[in-house]
Amino acid sequence: MGESSTASDGEPIQHGQPTVLIVLGMAGSGKTTLVQRLTAHLHSKQLPPYVINLDPAVSELPFPVNIDIQDTVNYKEVMKQYGLGPNGGIMTSLNLFATKFDQVMNLLQKRSAEVKNIVIDTPGQIEVFTWSASGAIITESLASTFPTVVIYVMDTARSTNPVTFMSNMLYACSILYKTKLPFIVVMNKTDIVDHSFAVEWTTDFTAFQDALNADTSYMSNLSRSMSLVLDEFYNTLKLVGFSAVTGAGTDDLLKAVEEAHEEYVKEYKPEYDKLRERRIKEMKKKEQGKLPTNAELVAEPGIVVTRGIDGAGEDTSDSSDADADNEDAEEDSFMRFLDAKKASAPKT
Ligand SMILES: Nc1nc2c(ncn2[C@@H]2O[C@H](COP(=O)(O)OP(=O)(O)O)[C@@H](O)[C@H]2O)c(=O)[nH]1
Ligand SMILES: [Mg+2]
């Protein structure tokens, strides 16, 4: 595969660049299960995605990953060494990982001609990723290089109450403004409850007001005024019903992703290009001020290991000798990281 590769339905890929899918959502909404479903689907279409796990606390990953934060940062050790609770541990692990994200970017750029999708699973606790500096660094790095799309996963069965629905949508809206990226809301778990109510509430203002009228709490009054604010957000929203368990809605989701990719190229890329230029200028200024150069930073021991994709589908590692060399280099760099870690481990 190369620049001329085509999408599953025969559509040429814009600019031959992969789409980065950042999967966000509340704990338990089904992010990991969605990534699993999507990964299996893309494997069956002979389009294995490049998968990154950014959740340092997940006990078992149900899909093959190329980069796993857990291979680099030991979340339990981080908690112990820094005396942190679970959330602080996840946050600090993500911060540690983000300091070396330029190396992840290098790996992604090397693979970018071969893959169509880069799928990123994020920590269960959404705020750890969306409102942290490291989450912003990771998102910005990705979005200033690749067409990047946010997939916001919602638990349909837990959103049937209009007040809960609106709170979740407000949260989604705030993330849209924070990330400034094309946005797809996935109403997951449609095998339990159909998502048609969500479609109605986001397209028919009075239908949502009627639903709220049945609720006389203080929150419903607040919701009534806030829902006016959300009307604008709903106008541009791509809402997709999905079941990570049955796979219903997979084609709709992939179609929305392709549309969002085009939206990125047309509307968001110019902004990210500007951002990137600003960053490069800042970098140059810093270099002149005798801070470590970019090259020196990249030459530090690596933190990232790329496991071959085993199990489901084809193994991309044997597609060429160059690939095998890359993987060796990645493995070597990870071993150097481990050695460096051992040497510098705190004595306590
Ligand atoms: N019925 C049903 N359950 C789901 C679906 N997707 C995820 N789940 C369940 O929801 C729970 C949380 O899923 P998980 O993917 O770990 O959520 P995460 O915290 O967002 O990564 C698990 O018990 C999943 O089996 C779905 O589409 N339908
Ligand atoms: Mg998860």
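We'll go from the sheet to a helix, then into the core and finally to the ligand. Keep in mind that this is a predicted model.

Stop 1: Seven of them make an open sheet, and reading across you get the order 3-2-4-1-5-6-7, with parallel pairing. Now pick out strand 3 (67-68) and strand 7 (238-241): these stand at the edges with a single partner strand each, so one side of each has no neighbour in the sheet.

**Stop 2: one strand pair.** Select residues 19-25 and 117-121, which are strand 1 and strand 4; five bridges link them in the parallel sense.

Stop 3: Next, select helix 12, residues 250-288. Helix 12 lies across strand 1, strand 5 (148-155), strand 6 (183-188) and strand 7, and runs at about 165 degrees to strand 7.

**Stop 4: the core.** The largest nonpolar core has 74 residues, and Y152, I184 and V186 have the most contacts inside it. Helix 12 supplies the largest share of this core, seven residues. Centre on I184: beyond its neighbours within four places in sequence, its contacts include V149, I151, Y152, A256, V257 and A260.

**Stop 5: the ligand.** Which residues come nearest to ligand 1? Among the 16 around it, they are G30, K31, T32, T33 and A244. Highlight helix 1 (residues 31-44) too, as it gives the most to this shell, three residues. Colour the shell by class and you'll find nine polar, four nonpolar and three charged residues.

Note on methods: Residues numbered from 1 in each chain as written. Chains lettered and ligands numbered in written order. Predicted model: local features only at pLDDT ≥ 70, side-chain atom pairs only at ≥ 80, totals over all residues. Core = buried A, V, L, I, M, F, W, Y, C linked by C-beta atoms within 7 Å. Buried ≥ 20, exposed ≤ 12 C-beta atoms within 10 Å, placed from the backbone. Helix = DSSP H or I, 4+ residues; strand = E, 2+ residues; numbered from the N terminus. Contact = placed C-beta atoms within 7 Å. Near = placed C-beta within 6 Å. Nonpolar A, V, L, I, M, F, W, Y, C, P; charged D, E, K, R; others polar. Pairing = 2+ DSSP bridges. Axes fitted to C-alpha atoms, helices over the stretch in contact; angles between N-to-C directions.
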